[in-house]
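Hi everyone, thanks for making time this morning. Let me put the chain up on the screen, and then we can walk through it together.

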Amino acid sequence: MIAHRLGMVPLVSHRLNELLPRHECGCEGLLCPLCSVELSLDVTCQTARKDVTSRDILSVDGTTQPVLQNPEDQGVLIAVLTRGQRLSLRMKAAKGTGREHAKWVPCTPSKWHYEETPSCPDDPTTVMLSLELNGTASGENILSCACSILREKLSKIHSNIG
Ligand SMILES: [Zn+2]
């Protein structure tokens with residue numbers, strides 16, 4: 001139960017673009033430093049009750065944090081401890097895609113529509129795109145990555161045609 005909750009905590013990392021996808025890394029799924037970041041959690045309850053939340057997750061190298069919507073956000077509840085109990089663990093996080101698991105989807109399904117822009121006669125239509133983000137990446141980063149992936153796939157199709 002605790003591992004499942006930890007696996008669903010949204011994270012934001014400064015190393016996101018440099019981390020290799022697990023299936024492309026030479027460690028064959030062992031989650032080495034090239035394809036994963038290391039996190040820790042160590043909470044002891046010294047009162048009647050202690051909520052362990054995603055706020056208690058610490059990045060070993062300081063590059064990755066749980067997503068918080070604002071400074072007052074209490075984080076995702078992971079476990080509840082009673083007096084004298086302790087939860088201590090180290091974990092590794094890897095990046096993935098929404099195709100592998102929904103936990104890696106950085107935004108909800110988007111909507112888009114065309115909007116006429118009569119003030120610009122050379123390009124009379126503007127595409128309006130809306131994304132609802134979960135905080136793990138910026139809209140610009142998500143759109144840029146999606147365009148890169150699409151460009152790579154179209155390039156493979158193009159090279160197989162000729
Ligand atoms: Zn690796």
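Helices (H or I, at least four residues) and strands (E, at least two) are DSSP runs here, numbered from the N terminus.

Before going on, two words on what you are looking at. Residues are numbered from 1 along each chain as its sequence is written. This is a predicted model, where local features need pLDDT of at least 70, side-chain atom pairs count only at pLDDT 80 or more, and totals for chains, interfaces and linings use all residues.

Back to Glu28, then. Its phi is positive, about 55°, although Glu28 is not a glycine. For background, most residues other than glycine have a negative phi. Glu28 counts as exposed because it has 8 other C-beta atoms within 10 Å. The cut-offs, with C-beta atoms placed from the backbone, are these: buried means 20 or more other C-beta atoms within 10 Å of a residue's own, exposed means 12 or fewer, and partly exposed is in between.

The loop between E1 and E2 also holds Leu31. Leu31 is not a glycine, yet has a positive phi of about 60°. With 16 other C-beta atoms within 10 Å, Leu31 is partly exposed.

Now let's zoom out. The chain has two helices and nine strands, and along the sequence they follow the pattern α-β-β-β-β-β-β-β-β-β-α.

What about the overall shape? The C-alpha atoms fill a box of roughly 70 × 40 × 25 Å along the principal axes. The radius of gyration is 21 Å, whereas a compact globule of 162 residues would have one near 15 Å. That radius is taken over C-alpha atoms, and the globule rule is 2.2 Å times the number of residues to the power 0.38. Buried residues make up 9% of the 162 residues.

On to the domains, whose bounds come from an automatic or database domain assignment. Domain 1 covers 2-93 and domain 2 covers 106-161, and their C-alpha centres lie 31 Å apart. Six residues from domain 1 and four residues from domain 2 take part in the contact, where two residues are in contact if their C-beta atoms, placed from the backbone, lie within 7 Å.

Last one: among contacts in the chain between residues at least 6 apart in sequence, 59% join residues at least 24 apart.
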